[in-house]
Amino acid sequence: MNNRINEIRRQIRALRISMLEAEAIMREQIMRDEDCAFVAGDILKMRVVMSRLVEERTVLGDQEPILVSSASRQPRAQKPVVVPLTKRRPLFTEQRAR
């Protein structure tokens, strides 16, 4: 039974990493205004598998948290700083009016 718990924990770790990568891909597609339905469908399928693994793990009596290192994830790109432009006024408005 211990071997099955370890196998489930390994599968959950791998699935979490895959889900994080798929979510990053989906965010990039959304930022480029591309269709992300395929990736979103894959994420939903991964969630179904994850829920079944968690149920089986709970039935086997494993309650310890499973930690996933965030070192494998790519750092988020910082959002660009947007500085509002000020309206420019012509310096010599009086001369143009004449």
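Visitor: Which residue forms a salt bridge with Glu7, and how far apart are the closest N and O atoms?

Guide: In this predicted model, Glu7 pairs with Arg4 in a salt bridge, and the closest N and O atoms are 3.1 Å apart.

Visitor: Where do Glu7 and Arg4 lie?

Guide: Both residues belong to helix 1 and are three residues apart, about one turn of the helix. An α-helix has 3.6 residues a turn, so residues three or four places apart point the same way.

Visitor: Which residues are linked with Glu7 in a network of salt bridges?

Guide: Arg4, Glu7 and Glu56 are linked in such a network.

Visitor: How many salt bridges does a search of the whole structure find?

Guide: The search finds seven salt bridges. One of them joins Glu23 to Arg27, with the closest N and O atoms 3.9 Å apart.

Visitor: How far along helix 1 are Glu23 and Arg27 from each other?

Guide: Glu23 and Arg27 are separated by about one helical turn, because they are four residues apart in helix 1. Glu23 is buried, with a relative accessible area of 19%, whereas Arg27 counts as partly exposed at 40%.

Visitor: Why does Glu23 count as buried?

Guide: The limit for a buried residue is under 20% relative accessible area, and Glu23 has 19%, so it counts as buried.

Visitor: Changing topic: what does Arg9 touch, not counting residues up to four places away in sequence?

Guide: Arg9, which is found in helix 1 (residues 2–31), touches Arg57, Asp62, Glu64, Pro65 and Ile66 on that count.

Visitor: Which side chain makes a polar contact with the side chain of Arg9?

Guide: The side chains of Arg9 and Asp62 are joined by a polar contact of 2.9 Å.

Visitor: Is Arg9 buried or exposed?

Guide: Arg9 counts as buried, because its relative accessibility is 13%.

Visitor: What else does the side chain of Asp62 meet in a salt bridge?

Guide: The side chain of Asp62 meets that of Arg57 in a salt bridge of 2.9 Å, N to O. Asp62 is buried at 9% relative accessibility, and Arg57 is buried at 11%.

Visitor: Which residues of helix 2 are buried?

Guide: In helix 2, the buried residues are Val39, Ile43, Met46, Met50, Leu53 and Arg57. These buried residues pack against helix 1.

Visitor: How many residues does helix 2 have, and what does it reach from its first C-alpha to its last?

Guide: Helix 2 has 23 residues and reaches 33 Å between those two atoms, close to the 33 Å expected at 1.5 Å a residue.

Visitor: Which residues touch the most other members of the largest nonpolar core?

Guide: They are Ile12, Leu15, Ile43 and Met46, in a core of 13 residues. Helix 1 and helix 2 each supply at least two residues of this core, and helix 1 gives the most, with six residues. In soluble globular proteins, nonpolar side chains tend to be buried together.

Visitor: What is Ile12 in contact with, leaving aside its neighbours within four places in sequence?

Guide: Ile12 is in contact with Met50, Leu53, Val54, Arg57 and Ile66.

Visitor: What happens just after helix 2?

Guide: Gly61 takes a positive phi of about 95° there. Gly61 lies in the loop between helix 2 (37–59) and helix 3 (93–97), and it is exposed, with a relative accessible area of 51%.

Visitor: How far apart in space are Gly61 and Ile5?

Guide: Their C-alpha atoms are 8.8 Å apart, although Gly61 and Ile5 are 56 residues apart in sequence.

Visitor: Last topic, the whole chain: how many helices and strands does it have?

Guide: The chain has three helices and zero strands. Of its 98 residues, 19% count as buried. Its accessible surface comes to about 9000 Å², of which 55% belongs to carbon and sulfur atoms.

Conventions. Residues numbered from 1 in each chain as written. Predicted model: local features only at pLDDT ≥ 70, side-chain atom pairs only at ≥ 80, totals over all residues. Heavy atoms only, no water. Buried < 20%, exposed > 50% of the residue type's maximum accessible area, 1.4 Å probe, protein only. Polar contact = N/O pair within 3.5 Å; in protein donor to acceptor, adjacent residues only side chain to side chain. Contact = heavy atoms within 4.5 Å. Core = buried A, V, L, I, M, F, W, Y, C linked by side-chain atoms within 4.5 Å. Expected span 1.5 Å × (residues − 1). Salt bridge = Lys/Arg side-chain N within 4 Å of Asp/Glu carboxyl O. Areas by Shrake-Rupley, 256 points an atom, 1.4 Å probe, with all protein chains shown as cover.
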